[in-house]
Amino acid sequence: MSAIIEVKNVNKTFGKNENINHVLNGADMTVEEGEFVSLMGASGSGKSTLLYLIGGLDRSFEGNISVCGKDLGTLKDKELSDLRLKNMGFVFQFYNLVMNLNVEDNILLPQTINGKKKSELKESLNEILEITGLTEKRKAMPNTLSGGQQQRVAIARAVLGNPSIILADEPTGNLDTASSKEVMELFARLNKEKGLTILQVTHSEQCAEYGTRIVKLVDGKTVG
Ligand SMILES: Nc1ncnc2c1ncn2[C@@H]1O[C@H](COP(=O)(O)OP(=O)(O)O)[C@@H](O)[C@H]1O
Ligand SMILES: [Mg+2]
């Protein structure tokens with residue numbers, strides 16, 4: 001196994017002077033290729049902050065973060081956005097679907113926006129619709145879908161670009177138990193069958209158990 005995410009001695013603060021908030025204080029974490037890691041911790045402990053730093057969505061931090069062997073601190077903006085586009089898929093608590101596009105156009109959007117043709121993506125689209133159980137819903141509009149179905153669209157969208165890593169921030173935070181189970185089973189399947197590395201933030205012990213390992217964030221440091 002080799003490390004696909006490496007976080008070394010990362011410090012992150014918000015604010016200044018008397019209002020400074022030390023959110024991460026020497027956080028260390030390594031995720032090996034093929035792992036499915038659940039990141040847990042109290043509300044406000046810095047889980048989203050850490051996930052966004054790993055995803056290159058926030059570039060201001062001290063320490064070192066490498067993803068797929070690339071040191072995020074040294075990449076140019078363009079190199080970082082390429083790394084994100086090719087290697088990372090993001091899933092959030094709120095699905096961020098485009099309401100006036102149907103299911104398949106939502107799934108295709110990040111790729112078509114970056115210049116890929118719909119025809120080149122046909123096979124991967126069919127495959128991911130099948131895996132996410134959305135084949136019948138491919139022409140449906142998002143507002144006709146349940147929360148769980150909408151989250152599966154967001155996951156399909158994240159996976160279509162064939163990333164190595166999925167970064168998910170409370171992906172079941174807005175879902176009932178049955179839909180949460182569906183989403184976790186889908187992650188477990190993507191992890192096993194496609195070898196996707198998954199790092200998910202979750203509050204739920206049940207959801208965390210679907211992963212292969214739990215890491216806890218306590219006082220700005222990772223434990224476990
Ligand atoms: N953009 C921001 N500006 C200022 N403070 C922030 C910002 N984002 C997060 N924080 C603060 O950082 C801390 C950790 O937040 P967050 O990473 O969202 O926690 P978690 O996801 O574990 O609930 C909180 O105290 C939060 O208020
Ligand atoms: Mg959060």
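Which strand holds the place of Asn9? I looked it up: Asn9 sits in strand β1, residues 3-14. One thing to keep in mind from here on is that I am reading a predicted model.

**Entry 1**

I started with backbone angles. Phi of Asn9 comes out near 50 degrees, which is a positive value in a residue that isn't glycine. Next I checked its surroundings. Asn9 has 12 C-beta neighbours inside 10 Å, so it counts as exposed; the cut-off for exposed is 12 or fewer.

I then found another case. Asp219 also has a positive phi, near 50 degrees, and is not a glycine either. Where is Asp219 found? It is in the loop between β9 (213-218) and β10 (221-223). Asp219 counts as partly exposed because it has 13 C-beta neighbours inside 10 Å.

**Entry 1: around ligand 1**

I listed what surrounds ligand 1. The shell is made of Phe14, Asn21, Val23, Gly41, Ser43, Gly44, Ser45, Gly46, Lys47, Ser48 and Thr49. Two elements give two or more residues to this shell, namely β2 (21-32) and α1 (47-54). Which of them gives the largest share? That is α1, with 3 residues. I also sorted the shell by class and got 8 polar, 2 nonpolar and 1 charged.

**Entry 2: α5 and its helix partners**

I looked at α3 with α5 first. Their axes come within 8 Å and cross at roughly 35 degrees. The crossing is right-handed. On the α3 side the contact uses Val103, Asn106, Ile107, Leu108, Leu109, Pro110 and Gln111, and on the α5 side Val153, Ala156, Arg157 and Leu160. By class, this contact has 8 nonpolar, 2 polar and 1 charged residues.

Then I turned to α4 (residues 122-131) with α5 (residues 147-160). These axes come within 10 Å and cross at roughly 140 degrees. The crossing of α4 and α5 is right-handed. Ser124, Leu125, Ile128 and Leu129 of α4 meet Ala156, Val159 and Leu160 of α5. How many charged residues are in this contact? There are none; I get 6 nonpolar and 1 polar.

I noted that Ala156 turns up in the α3 contact and in the α4 contact. Leu160 is listed in the α3 contact and in the α4 contact as well.

A reminder to myself: in soluble globular proteins, nonpolar side chains tend to be buried together.

Leaving out neighbours within four places in sequence, Leu167 is in contact with Leu51, Ile54, Gly55, Met88, Phe90 and Leu199.

**Entry 3: Ile166, buried or exposed?**

I moved to Ile166, which lies in strand β7, residues 165-169. Why does Ile166 count as it does? It has 23 C-beta neighbours inside 10 Å, so it counts as buried; the cut-off for buried is 20 or more. Not counting residues up to four places away in sequence, Ile166 touches Gly89, Val91, Ala158, Leu196 and Ile198. I also checked Phe90: it is 76 residues from Ile166 along the chain, but their C-alpha atoms are separated by 5.9 Å.

**Entry 4: two loop residues**

Val98 is in the loop between β6 (88-91) and α3 (103-113). Val98 counts as exposed because it has 11 C-beta neighbours inside 10 Å. Apart from neighbours within four places in sequence, Val98 is in contact with Asn106 and Leu109. From Val98 to Val37 is 61 residues along the chain, and the C-alpha atoms are separated by 29 Å.

Gly69 is found in the loop between β4 (62-67) and β5 (70-71). With 10 C-beta neighbours inside 10 Å, Gly69 counts as exposed.

Methods
Residues are numbered from 1 along each chain as its sequence is written. Chains are lettered from A and ligands numbered from 1 in the order in which they are written. This is a predicted model: local features need pLDDT of at least 70, side-chain atom pairs count only at pLDDT 80 or more; totals for chains, interfaces and linings use all residues. A residue is near a molecule or strand if its C-beta atom, placed from the backbone, lies within 6 Å of it. Helices (H or I, at least four residues) and strands (E, at least two) are DSSP runs, numbered from the N terminus. Ala, Val, Leu, Ile, Met, Phe, Trp, Tyr, Cys and Pro count as nonpolar, Asp, Glu, Lys and Arg as charged, and the others, Gly among them, as polar. Axes are lines fitted to C-alpha atoms, for helices over the stretch in contact, and angles run from 0 to 180 degrees between N-to-C directions. A crossing is left-handed if the near helix is turned anticlockwise from the far one by less than a right angle, and right-handed if clockwise. Two residues are in contact if their C-beta atoms, placed from the backbone, lie within 7 Å.
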